[in-house]
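Hello,

Here is the structure for you to look over. My notes follow below it.

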Amino acid sequence: MPNTPAVTSPALPAPGHAEGVSNDEFRAALSRLAAGVVLVTAREASLDPDDPQAPTSEDVGMTATSFMSVSLDPPLVLVSLREGSRMDDLLDEQPLWAVSVLSESQRHIAGRFAMKGRISDRLLFEDIPYVRGAATGAPLVGGALATLECRTEQRVSAGDHTLVIGRVLTASVPSADGGPLAYFRGRYRQLG
């Protein structure tokens, strides 16, 4: 019988970063990938249903750059949410949400909803023009390049994030003015 070498499988890398890849290196490399900027919104049920003075629901918003088209048939999109964030927790409880694709003139909206330790969402929405989506009731930002209303189809845990895949219920292009707001090398930018 011929002598055959033993087949061994390569060792699997330990969880977390591969050897030699630091958080800073990973972050720096991915900052070179330009991304569009969206505002993800949803309605949250009253935080205090026993209080007749409390609002019946709250609007919640979050700036995202990890948003993409997944499928044309059926129409699906994906947004990546930090695990345990308010939006992640909310979309785990209720499936309806919306996306406004921000224009280059809406940098202030992106910055406002991306702040750490920010004030209440109610105050953040106070002076932003929006309409309520017919399918979701979520705010759709006025002047956005496009708006989508979605229903969660699937949630996938991925490291320290949750990938939320949503079926698009409505899509519109309310504004053809201006270019998109982009995020590149840690800053909001415009094309051109």
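Helix α3 (residues 107–114) lies across β2 and β3, at about 110 degrees to β3. This is a predicted model: local features need pLDDT of at least 70, side-chain atom pairs count only at pLDDT 80 or more, and totals for chains, interfaces and linings use all residues. Residues are numbered from 1 along each chain as its sequence is written, and side-chain values use heavy atoms, with hydrogens and water left out.

Some terms. Helices (H or I, at least four residues) and strands (E, at least two) are DSSP runs, numbered from the N terminus. Lying across means contact, with heavy atoms within 4.5 Å. Axes are lines fitted to C-alpha atoms, for helices over the stretch in contact; angles run from 0 to 180 degrees between N-to-C directions.

Helix α2 (residues 86–93) lies across β2, β3, β5, β6, β9 and β10. Helix α2 runs at about 55 degrees to β2.

Now the sheet. Seven strands form an open sheet, in the order β3-β2-β6-β9-β10-β5-β4, with antiparallel pairing. Two strands pair if DSSP finds at least two bridges between them. The edge strands, β3 (57–64) and β4 (67–71), each pair on one side only. Four bridges join β2 (residues 38–45) to β6 (residues 96–101). Leu39 has Ser100 in β6 as its bridge partner.

Two backbone points. Most residues other than glycine have a negative phi, and most peptide bonds are trans. The bond from Asp73 to Pro74 is cis, with omega near 5 degrees. Pro74 lies in the loop between β4 and β5. Arg185, not a glycine, has a positive phi of about 50 degrees.

Best wishes
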